[in-house]
Amino acid sequence: MGLLSFLTGLTFPRGVHPPGLKEDTRDKPIRRLPFAPRMVVPLQQHFGRPARPLVVKHQEVLRGQPIAEADGFESVPLHAPVTGVVEGIELMATSRGPKTESILIRTAPGDSQAIHWARPRDLERLNRPQLIQAIQEIGLVGQGGAAFPTHMKLSVPDGYDIDTLVVNGCECEPYLSADHRIMLEQTDAVIAGIRIAMKALGATRAVIGVEDDKPDAIAALQARLDKEGPIAVDKVRSKYPQGSEKMLIKALLKREVPSGHFPYHIGVVVNNVGTMAQLGTLLPRGEGLVERVVTVAGPGITRPGNYRVPIGTPLRYLLQHVGFTGNDASHIILGGPMMGNTVSSLDVPITKGVSGVVVLPDPEDEDIRIQPCIRCGRCVEACPVGLNPSDLGKLAAVRRYEVMEERYHLNDCFECGCCSYVCPSNIPLVQYFRIAKSLNRERLK
Amino acid sequence: MTPLKIELKTSPHLKQAGSVEQIMRHVTYALLPICAFSVYHFGISALALIITTVVTCVLTEHLFAKLSGKRSSVSDFSAVITGLLLALTLPPSFPLWMAALSGFIGIALAKVMFGGMGYNLFNPALVGRAFAQAAFPVSVSTWTVPGHPDRFTEFLPSTLAMPFTTPAPVDAWTTATPLAQWKFEGVHVETWSLFTGMTPGSVGETSAILILLCGLYLIARGMMNWRIPAAVLGSAFVTASVFYWMDPTFYPTPWFVLLSGGLMLGAMFMASDMIASPITRSGIWIYGILIGFLAVIIRFFGGLPEGIMYAILLGNAMAPLIERITQPRPYGTRKRRDAA
C-alpha cells in the first residue's frame with residue numbers, strides 16, 4: 001500500500017472521476033451578493049428539532065440579532081440575516097421538501113447592514129461544556145451540505161476519546177469551489193476554527209485533507225502552519241467521493257468506521273473547512289451565522305462565481321443576480337451535481353447547508369432508456385463502500401428489500417451515486433436504493 | 001419573468017458517457033478487421049458464412065421479440081456480435097445451412113430462453129458453436145487451405161451444400177490445422193506464421209496479432225476488462241510451460257499454445273463476454289485462470305485438438321459460483337459478506 005499511495009496519492013479504494021468543471025469559479029475571489037428585498041428564514045434548516053421563534057409580526061430586527069432560539073440541545077438558534085421588519089411567520093416552500101414555518105423579514109432599504117449584535121467571549125477561559133454551548137449559540141451547522149449542528153458533532157458521547165480531528169477540504173463535487181476559495185481567502189479563520197474545534201473535542205491533532213487539484217490551497221494552509229505542529233495538511237487524490245466522511249478517514253488515517261457506527265467510535269470527528277472558517281470567524285466575536293459562501297455555476301449562469309449569500313435569500317433573487325438566462329435551464333440543483341437535489345420552486349431560500357447552486361441544461365435530448373444490466377461490473381468497480389450495486393439493483397427490481405438490507409449491506413450505502421453515474425444501462429441504481437431504504441424504514445415502524 | 005419549466009430529478013445529475021449500444025457497437029467495430037482478414041484469407045466462403053450467421057442471429061432475436069410482444073432489442077448490436085463471433089469460430093468450408101441453424105440455436109437456446117440480453121448464463125455464440133460441434137462433427141472439423149488462388153471467385157464446394165445434407169470433404173481444398181497437426185501428427189508449425197495468421201483454421205482465429213490489436217482497442221476504450229484476457233492467456237501460458245518443461249519433445253512450446261487455435265480469439269472476445277463472466281475483481285481472475293488452465297488440459301489430454309470452447313463454457317457455468325465467493329468486502333466490515 002505504501003508504494004501504491006506514493007504513486008496515486010492518498011485515497012480510498014474505487015470511486016469515480018467525474019469532470020471537475022470548476023474552471024469558471026475557482027479563480028475568482030468571493031463576492032458579496034446584495035441583500036434581497038425579502039428574506040425567508042426557515043425555522044428548520046438543520047438536522048434536529050426546529051428553532052423556536054423569538055420575534056413577532058411587525059417587530060424590527062437588527063442584522064445578527066437572534067430571531068429564534070434552539071429547542072433543546074438537538075437544535076440551533078437563528079439570527080436575523082438583515083436589518084428589517086418581520087413580516088410574519090408562515091409556511092413557505094423550502095429545499096427540504098414539505099413547506100416549513102419560516103420567518104419572513106422585509107429588508108430595511110438603505111440600511112448599512114452592519115452586524116449589530118454580538119456576544120464576544122474570552123475563549124481561553126471557557127471549559128469544554130461552555131465552549132460547546134457557545135458554539136450552539138452562534139447557530140453553526142455543517143457547511144458541507146448535511147447541516148448537522150456543529151456543537152452536536154463536537155460533543156462526543158461519554159466513553160469516547162477523540163484523537164484526531166479530520167478537516168474536509170476535498171470538495172470533490174463537480175462545479176463547487178466555495179471551500180477552495182475559503183481555504184485561500186480565509187486561511188487564518190480556517191486554522192482558528194480548527195484550534196477551537198480541537199479544544200472542544202480534546203483532540204491532540206488535526207489533519208486537513210485537500211484534493212490534489214487545489215495545490216494553491218494546500219500551499220496557503222501549509223504556509224500558515226508549523227511543520228511540527230498538531231495541525232497537518234495532507235494532499236489526497238482528486239476522486240469522487242473523496243469528501244465523504246468515511247472515505248476521507250480511510251484515505252487519511254487508513255482506518256475504517258465499522259458498519260453502522262460513527263467516526264467518533266474510532267476516535268475521529270470530521271468537519272468541513274467551510275464550517276471551520278465560520279467557527280474561527282464567528283465564535284471569537286460571538287456573532288451568529290447570517291451568511292455563507294455559495295458556489296453558483298453551470299451552463300445556465302452568465303456570471304458564475306462564489307458569492308457570500310445572506311441566509312434566507314430567495315433562490316430567484318440569487319439567480320437573477322448572477323444572470324440566469326431563463327428557460328433553457330430547467331435543472332436547478334442545490335448542492336453539487338452528484339448528491340444535490342433539484343428544487344421544486346424558485347421561491348426556496350438559501351439555507352445554512354447550501355454549498356452550491358448548479359444549473360444544468362435540460363438533458364432531454366439524451367437517450368436515457370433503461371436497459372437490462374449487462375454485468376459490465378462498472379458499478380462494482382465504482383462503489384466506494386464495496387457493495388455490489390448490480391446485485392442490489394436486481395434485488396430492488398423484484399422488491400426483495402429485506403434481502404438487500406440483511407445480506408447485501410444496503411444500509412452501508414450512503415447514496416453517493418457512483419453506481420448510477422457509471423451505469424451504461426442507465427439503471428437508476430441509487431434511486432432504487434433510496435426507495436428500498438425508506439420502505440425498509442416504513443416496515444420497521 | 002417567463003414561466004420556467006422546472007424538472008424534479010434525483011441525483012446524480014451527471015452521467016458518465018457511454019451506453020450499452022455504444023459498448024456493443026465498439027465490440028462490433030473491433031471484430032470487423034478480423035472479419036476482413038478472414039475474407040482475405042479464406043475468400044467469399046468466409047464472407048458468406050459471416051453474413052449468414054449475423055443475419056440468422058439478428059432475425060432470430062427479432063422474431064422472438066415480436067413473438068413475445070417485446071420491444072425488439074436488435075438495435076443494441078448484441079445479436080450482431082453473437083453472429084460475428086459464431087462465424088469466426090467455424091471452419092471456412094462450413095455449410096451455410098448448418099451455420100444458420102447454429103446461429104438460431106445460439107440465440108434461441110442460450111439467450112432468449114434465459115431472458116434475453118443481460119441474462120444469458122453462457123455465451124450464445126459458443127453455445128451455437130457447441131451445437132455445431134455436436135451435430136455436425138465432420139463439417140466442423142474439415143479445414144480449408146488458406147489463400148487458395150480461386151478463393152475470391154469460387155465458393156468452397158461444401159459451403160453451398162443443400163440443407164440437411166452433409167458434404168464429403170474435397171481433398172484439393174482441405175488440410176489440417178496446426179493444432180491438429182501437432183495433436184495427430186506431432187508436427188510443429190512455425191510460431192511466426194501462427195502470429196501473423198497465414199495458417200489454416202477457423203474463419204477468424206488464425207491471426208493472433210490482429211486479434212490482440214483489436215482486443216487492445218477495446219481495452220483502451222474501457223469497454224473490455226483487460227483482466228479476463230490477461231488471466232486466460234497468462235494461465236494458459238503457465239500451464240503449457242509446466243508441461244513443456246516436463247517433456248519438451250512431446251509437448252509444444254507455450255508460445256505455440258498461446259498462438260495456435262482459438263485461444264487468442266476466445267480469451268479476447270468470448271471469455272471476456274461481460275454477461276457470462278463474474279462481476280467481481282478477484283472473481284474475474286479466478287474465472288480467467290480457470291479457463292486458461294482448462295483449455296490447455298483439454299488440448300493436451302482431451303479427444304479434440306482444441307479446448308477453448310468447452311473451457312469458456314465451463315467457466316461460464318462456474319461464474320455465478322465464483323462470484324458468490326468473491327464478493328467485495330464492504331467498508332467497515334471485517335469479513336467478506338456471505339452473499340445469497
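User: How many residues of domain 1 of chain A are in contact with domain 3 of chain A?

Analyst: On the domain 1 side of chain A, 14 residues take part, and they are in contact with 13 residues of domain 3 of chain A. Keep in mind that this is a predicted model.

User: Where do the domains of chain A run?

Analyst: Domain 1 of chain A covers 2-27 + 119-285. Domain 2 takes 33-117 + 292-363. Domain 3 is 378-444.

User: Switching to chain B. How many helices and strands?

Analyst: Chain B has 13 helices and two strands. Its radius of gyration is 21 Å, close to the 20 Å from the globule rule for 340 residues, so chain B is as compact as a globular protein of that length.

User: What does the C-alpha trace of chain B span along its principal axes?

Analyst: About 80 × 50 × 35 Å.

User: And what share of chain B is buried?

Analyst: Of the 340 residues in chain B, 57% are buried. Among chain B contacts with a separation of 6 or more, 76% join residues 24 or more positions apart.

User: What about the accessible surface of chain B?

Analyst: It comes to about 14,200 Å² for chain B, with 69% belonging to carbon and sulfur atoms.

User: Last one: how many positive and negative side chains in chain B?

Analyst: Chain B carries 21 positive and 15 negative side chains. The centres of the two sets in chain B lie 18 Å apart.

Terms used
Residues numbered from 1 in each chain as written. Chains lettered and ligands numbered in written order. Predicted model: local features only at pLDDT ≥ 70, side-chain atom pairs only at ≥ 80, totals over all residues. Heavy atoms only, no water. Helix = DSSP H or I, 4+ residues; strand = E, 2+ residues; numbered from the N terminus. Rg over C-alpha atoms; globule rule 2.2 N^0.38 Å. Buried < 20%, exposed > 50% of the residue type's maximum accessible area, 1.4 Å probe, protein only. Contact = heavy atoms within 4.5 Å. Areas by Shrake-Rupley, 256 points an atom, 1.4 Å probe, with all protein chains shown as cover. Lys, Arg positive; Asp, Glu negative; His and termini not counted. Charge placed at Lys NZ, Arg CZ, Asp CG, Glu CD. Domains from an automatic or database assignment.
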